[in-house]
Amino acid sequence: MGSEIDEGTEPVPTTDERSAADRSNAAETVAGMVAGTVAILGRPNVGKSTLLNQIVGQKLAIVSPKPQTTRNRIVGVWNGPAGQIVFVDTPGVHSARGALNRFMVDEALGAIEGVDAALLVVEPPQSSAAVKIASAERQILDALRTAGTPVVLAINKVDTVKDKPSLFPILKGWEEISNFSALVPVSARKGSGVAGLVKELCKLLPPGPPLYAADMLTDRTERFLAAELIREQLFLSLRQELPYATAVVIDNWEERPDKNDVVIDASIVVERDSQKSIVLGKGGTMIKDIGTRARAEVSTLLDRPAHLRLFVKVAPEWTSSPQSIARLGYDR
Ligand code: GDP
Ligand code: MG
């Protein structure tokens, strides 16, 4: 039974019109095929979003070297000869302070409800230190045990482990921590081990017809993904705590069929005037750079030229107000 990652599949852009719940277009059931949902969970920055992108073969979830880049659950669909897996990428689980952080942790732990299996992503310990479980991982495993959800452990970033035999005690350490269905060393960045990981997950899923139509890669709209790509540039360009005080809202989206392009107006929301000045940069250089890079990413996503007009707005203390975070799209 083959369940290699199907790299031949042509990525199809998502559209606003298609409904995630619409199963009417789903491919016919084929005997022996599985279909189910898998939540990707773990501490911040272990590579959950990179892994999702690697598995589905398209950039759906934004990635940065900073923790807590991902704020919402994002669905990414893998289709292969063995069936279909609907992955749910989640924000990292950490001790949360403030309304936005609490929303993010609730998003992650809430994703456990109703999934068929979970993928816990961890990193190898630093140098030769013994495996030690973090409280966030303990919290995730406890919630999964309560829900009765089977768990596969992915030890990510093995490309950073020079001495491969040192992975054996790491695997053994994790084996002693919990009763995982499988333990798989992977490199989400390089793709190694990822096909085997998908194979292990397929074993945990029920047989059945696909949940999503074969050309659906995500439940997210182009608008959402475009806003995320702008937010990614903020995480990559701004230093220290500032990215955490930013949100991106799409104000206007104009398709120009005659020119085959799209004009997008977006606001970058910050908490204070001083932050606004930093995002603008001296003579507007910072926002210009952010715009140039985001525009390239959005054009790739949409597969047609995008023109971005970025604005910076101040919403005082928005990250600590439940009403404000909801207004900026962080609600359910
Ligand atoms: P998340 O917070 O768990 O979603 O993590 P991200 O996917 O945003 O990745 C966090 C950082 O780890 C980014 O800088 C990634 O490029 C990096 N990263 C992710 N996977 C790997 C990997 O397999 N190897 C290495 N060396 N770095 C990785
Ligand atoms: Mg992430």
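I count two strands as paired if DSSP finds at least two bridges between them. Helices (H or I, at least four residues) and strands (E, at least two) are taken as DSSP runs, numbered from the N terminus.

**Entry: the model.** I note that this is a predicted model, in which local features need pLDDT of at least 70 and side-chain atom pairs count only at pLDDT 80 or more, while totals for chains, interfaces and linings use all residues. Residues are numbered from 1 along each chain as its sequence is written, and chains are lettered from A and ligands numbered from 1 in the order in which they are written.

Entry: I found an open sheet of 6 strands, in the order 2-3-1-4-5-6, with mixed pairing. Strand 2 (74-80) and strand 6 (182-185) are at the edges and have a single partner strand each, so one side of each lacks a neighbour in the sheet. On average, neighbouring strands here are turned by 25° against each other, direction ignored. I looked up one pair: strand 4 (residues 117-122) runs parallel to strand 5 (residues 151-155) over 5 bridges. Opposite Leu120 I find Leu153 in strand 5. Helix 3 (residues 135-147) packs on the sheet and touches strand 1 (34-42), strand 4 and strand 5. The direction of helix 3 makes about 170° with that of strand 4. Axes are lines fitted to C-alpha atoms, for helices over the stretch in contact, and angles run from 0 to 180 degrees between N-to-C directions; contact means C-beta atoms, placed from the backbone, within 7 Å.

**Entry: ligand 1.** I list 21 residues around ligand 1 (C-beta atom, placed from the backbone, within 6 Å). The closest are Gly47, Lys48, Ser49, Thr50 and Arg189. Helix 1 (residues 48-56) supplies the largest share of this shell, 3 residues. By class, the shell holds 5 nonpolar, 12 polar and 4 charged residues. Ala, Val, Leu, Ile, Met, Phe, Trp, Tyr, Cys and Pro count as nonpolar, Asp, Glu, Lys and Arg as charged, and the others, Gly among them, as polar.

**Entry: domains.** I have domain 1 (34-202) and domain 2 (222-327), with bounds from an automatic or database domain assignment. Their centres, taken over C-alpha atoms, are separated by 28 Å. Domain 1 gives 10 residues to the contact and domain 2 gives 14 residues. On the side of domain 1 that touches domain 2, I count 5 nonpolar, 4 polar and 1 charged.

**Entry: whole protein.** I log 9 helices and 9 strands. The C-alpha trace spans about 55 × 50 × 40 Å along its principal axes.

Technical notes:
Contact = placed C-beta atoms within 7 Å.
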